Amino acid sequence: MEQTGTQVHQVPKEAGIYIHIPFCEHKCIYCDFYSVITTEKVREYIDALLLEFAAYEAPYAKSHHFSSIFFGGGTPSSLPPEIIGEIIQALYHRFSFTDDVEITMETNPGTVNDEKLKQFRAVGINRISVGIQSFDDKDLAFLTRIHDAQTAITTVHSLVTAGFDNISIDLIFNLPGQTREAWTKNLVQASKLPVKHISAYSLILERGTILNKMVLDKKVVISDADFDADLYEITMDHFISHGLTQYEVSNFCVPGFECRHNNHYWQYRDYLSFGTSSHSFMNGKRWWNISSLTFYLLSMQQHGHARAGEELLTVDQMHDEYVMLAFRSAGLNRREYESRFGNRWLTKTENELTTLIRNGYLKEEGGVIRMLPKGYVICDEIIKKLL
């Protein structure tokens, strides 16, 4: 907060914006993100998004300064570039953005060509996240992905040709039947590509997915937690030895290419989200939208919003979420923590923190306590014990 004469000016808070694009060509067996395999209501959906932008302009346009926009899905790149550009321009019209705003769009290999990528670049996209998941054709077939390994590699090189420098890829490990050697080949191939950011996730069984039912029906067997942890350690060792920084449990990057938008989540900053199934967190209040495309459109038409529910977080809830997210990512900054919550909890847990540091699970440097690779392996257990 700044004071000039007798006037007090509230400094805008930094925040991010998320746009959910539910349209997708194909629903993979492991995916639990809301998506629809149709393009019949694209125009209606875009119009509803523009209406939703207008509804949140008054509360947040002046109080927040947005430094990132993230198009997730679904498959956002399934939309024409001019529609993505229309959304970006509508956001610029309603809200305040930093000059170096990061604008990320998710895409899947095989859904874009060189010309379309250049058009996305022209309308303002400056960061691309590619859902590769694996460089093994057998794994891709099992996951019911619509691309093969060579298409994934070609897509990354096409992005470079189109002028993209900030490229991220997603990978999944501990797939059924996956060996250490097979996963290591994925890591080696990923390191050969001209990418700045890699997200490597363990396969998670989500309720309601086809894969979860296959496991419940004993048609598919997932390896145990020890093998999963082994693959995770191999992942950390490989990427760190290749010069990448691990700045979150599942994320590695060339230093300086951390995903700004995701850091809004992990650093417990505000974010405003639009579209089906999206979740927002602003000024200690959380709310979430209707998932169904049909009911989202109907609610926007009838009420001018699509909120399905909301909650005002208590101080204790915010404290525990802040600590959890801090230890999963860049670490807990003592000064920032104390400015938010005081020092009671830190004093209470000092002995446990000291023990974890001494045993090589945590490291403290410059007033920041963060996980080491050994700690990341049992990150959830450590956080649960501390809280």
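Note on the predicted structure

1. A residue is called buried when its relative accessible area is under 20%, exposed when it is over 50%, and partly exposed in between (1.4 Å probe, protein chains only). Strands (E, at least two residues) and helices (H or I, at least four) are DSSP runs, numbered from the N terminus.

2. Residues are numbered from 1 along each chain as its sequence is written, and side-chain values use heavy atoms, with hydrogens and water left out.

3. Which residues of strand 6 lie on each side? R127, S129, G131 and Q133 are on one side, I128, V130 and I132 are on the other, and all are buried, which leaves both faces covered. In a regular strand the side chains alternate between the two faces of the sheet.

4. Strand 6 also has two pairing partners to consider. Two strands pair if DSSP finds at least two bridges between them. Strand 5 (residues 97-107) pairs with strand 6 in the parallel sense over 4 bridges, and E106 has S129 as its bridge partner in strand 6. Strand 7 (residues 166-173) pairs with strand 6 in the parallel sense over 6 bridges. Here S129 has S168 in strand 7 as its bridge partner.

5. Strand 12 (residues 279-282) and strand 13 (residues 285-289) pair in the antiparallel sense over 4 bridges. Across this pairing, H279 has W288 in strand 13 as its bridge partner. The hairpin has 2 residues between its strands, and N283 in the turn has a positive phi of about 55°.

6. A further sheet is open and consists of 3 strands in the order 15-17-16, with antiparallel pairing. Its edge strands are strand 15 (332-333) and strand 16 (362-365), each of which pairs on one side only. Strand 16 is joined to strand 17 (residues 368-371) by 4 bridges, and the two run antiparallel. Within this pairing, L362 stands opposite M371 in strand 17.

7. How many aromatic pairs does the structure hold? There are 24 aromatic pairs. One of them is formed by Y45 and Y296, with 5.4 Å centre to centre and 50° between the planes, and is tilted. Y45 lies in helix 1 (residues 42-60) and Y296 in helix 10 (residues 293-303), so the pair ties together parts that are 251 residues apart in sequence. Y45 and Y296 are both buried. For such rings (Phe, Tyr and the six-membered ring of Trp), a pair requires centres within 6.5 Å; planes under 30 degrees apart count as stacked, over 60 as edge-to-face and the rest as tilted.

8. The axes of helix 1 and helix 10 come within 10 Å and cross at roughly 45°. Helix 1 is therefore oblique to helix 10. Angles under 35 degrees count as roughly parallel, over 145 as roughly antiparallel, 65 to 115 as roughly perpendicular and the rest as oblique. The axes are lines fitted to C-alpha atoms, for helices over the stretch in contact, and the angles run from 0 to 180 degrees between N-to-C directions. The crossing of helix 1 and helix 10 is left-handed, a term used if the near helix is turned anticlockwise from the far one by less than a right angle, with right-handed used if clockwise.

9. An aromatic cluster deserves mention: F53, Y56, Y60, F66, Y92, F95, F97, F274 and W287 form one such cluster.

10. The charged end of R121 sits over the ring of F164, 5.5 Å from its centre. The charged end of K196 sits over the ring of F257, 5.2 Å from its centre. The criterion is that NZ of Lys or CZ of Arg is within 6 Å of the ring centre and within 35 degrees of the ring normal.

11. Is W345 buried or exposed? W345, which lies in helix 13 (residues 344-358), has a relative accessible area of 11% and is therefore buried. By contrast, E233 in helix 8 (residues 225-241) counts as partly exposed, at 38% relative accessibility.

Technical notes:
This is a predicted model: local features need pLDDT of at least 70, side-chain atom pairs count only at pLDDT 80 or more; totals for chains, interfaces and linings use all residues.
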